[in-house]
Each structure stands twice: as structure tokens, then as C-alpha cells.
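Here are some notes to read alongside the model. Please keep the structure open and find each residue as it comes up.

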Amino acid sequence: MPERIGVYPGSFDPPTLGHLDLMKRACRLFDKVIVAVANNTEKHNLFTYEERVEMIQELTTDLDAIEVRPFKGLIIDLVREVDAIALIRGLRAVSDFENEMTMAATNMKMLSTCDTISFMPSEQYMFISSRLVKEIVQLGGDVTPFVPPMVVTRLMDRLGKS
């Protein structure tokens, strides 16, 4: 039986507990989950491409099914390259649905053998987003309920907070 590979793409700037929740849950469905860290030069990321890859590698050392891989360009090209059967996406709220549906339909048009599987986050992570985490830190708030301790430290260092 061929290996079931799923690809979980994102910018992960920074990785949150919600991202890790989805990764762990995806590992129950797939033999291998490739966490594809996007290098979108049009986005103004807080962490570099290399730092985001490094953080996810460090955070997933206990998950044997996870492979962290940087990527540029179309995610569907990576899906084709690794012979994945599905893209993995998080679906936090109704507001995410339209964008995710559009992307899934477009990806399916480009590669008909690739499905998109959307996970709803566990309840405690339902409203966490990387953007919100960065905003909370910049305004002096506590993000320990939303990101792993290593990410809290890196956020504080990067933003000059104590």
C-alpha cells in the first residue's frame, strides 16, 4: 500500500499551539505529514524563513510522521513532487471558509488527484492566529496560552519585550 502523504502549508509566523494541534491530529490520518513553510517574499514576516523552519523542526521532534520542508511557489507543485494525496488546512471560523473553498477548488483544478482536508481546531485553539499573537505581544500582552514556551521566548527577544 502506498504511503499516505499530506501537506500542511503555511507561513507559521509564528507557529502556534493551534498549528501544532493540527499537525498532531493530521499524523493520525497520514503516514507522513509534510509541514511546508512558505517563503512568500510579499509578506512581511516577523521571523525569517529559516527561523520558522527551525522553530517547527524543534517543536515537532517528538512527531515521527512530521517532515518540515521550506517551499517557494505553488503548493500544488510540492504536492505533485512528493506524491501527496491531500492538502491539510485549518478552518477556524466561517470567515475562513470562503477563502479555503476557493483555494481548494483552484488546487483541485490544477491537480485533480489532490484533495483538501480541513480540520477545525480543538476548542481551546479555535481563535488563535499568528497575526493575533504578534499583535498581543506588541501591545504588551501575555501569549503563553497561545504559543509554546520556546516561541514566547523568541517573540519577546524579537520584539524587545521583557
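1. A residue is called buried when its relative accessible area is under 20%, exposed when that value is over 50%, and partly exposed in between. The model is a predicted one. By this cut-off nine of the 11 residues of α1 are buried, so this helix is largely enclosed by the rest of the structure. The buried residues of α1 are G18, H19, L20, D21, L22, M23, R25, A26 and C27.

2. Look next at T16, which sits in the loop between β1 (5–10) and α1 (17–27). Is T16 buried or exposed? Its relative accessible area is 2%, and because that is under 20%, T16 is buried. At the start of α1, a side-chain oxygen of T16 comes to within 3.2 Å of the backbone nitrogen of G18.

3. Which residues does T16 touch, leaving aside its neighbours within four places in sequence? They are I128, S129, S130, V133, F146, V147 and P148.

4. Now the pair α5 and α6. Helix α5 covers residues 130–138 and helix α6 covers residues 149–159; their axes come within 10 Å and cross at roughly 55 degrees. That angle makes α5 oblique to α6. The crossing of α5 past α6 is right-handed.

5. An α-helix has 3.6 residues a turn, so residues three or four places apart point the same way.

6. Which residues of α6 are buried? They are M150, V151, V152, L155 and M156. What covers them includes α2 (49–59) and α5. Just after α6, G160 has a positive phi of about 65 degrees.

7. E51 is located in helix α2. The side chain of E51 reaches the backbone nitrogen of T48 at 2.7 Å. Not counting residues up to four places away in sequence, E51 touches R154 and R158.

8. I117 belongs to strand β5, residues 115–119. Its relative accessibility is 31%, so I117 counts as partly exposed. Setting aside residues up to four places away in sequence, I117 touches F30, A86, L87, I88 and R89. For one of these, A86, there is also a distance to check: A86 and I117 are 31 residues apart along the chain, and their C-alpha atoms are separated by 6.5 Å.

9. T106 is part of helix α4, residues 94–110. With 39% relative accessibility, T106 counts as partly exposed. What does the side chain of T106 reach? It reaches the backbone oxygen of T102, at 2.9 Å. T106 and L155 are 49 residues apart along the chain, and 34 Å separates their C-alpha atoms.

Note on methods: Residues are numbered from 1 along each chain as its sequence is written. This is a predicted model: local features need pLDDT of at least 70, side-chain atom pairs count only at pLDDT 80 or more; totals for chains, interfaces and linings use all residues. Side-chain values use heavy atoms; hydrogens and water are left out. Axes are lines fitted to C-alpha atoms, for helices over the stretch in contact, and angles run from 0 to 180 degrees between N-to-C directions. Helices (H or I, at least four residues) and strands (E, at least two) are DSSP runs, numbered from the N terminus. Angles under 35 degrees count as roughly parallel, over 145 as roughly antiparallel, 65 to 115 as roughly perpendicular and the rest as oblique. A crossing is left-handed if the near helix is turned anticlockwise from the far one by less than a right angle, and right-handed if clockwise. Buried means under 20% relative accessible area, exposed over 50%, partly exposed in between (1.4 Å probe, protein chains only). A polar contact is a pair of N or O atoms within 3.5 Å; within protein, one must be able to donate a hydrogen and the other to accept it, and residues adjacent in sequence count only if both atoms are side-chain atoms. Contact means heavy atoms within 4.5 Å.
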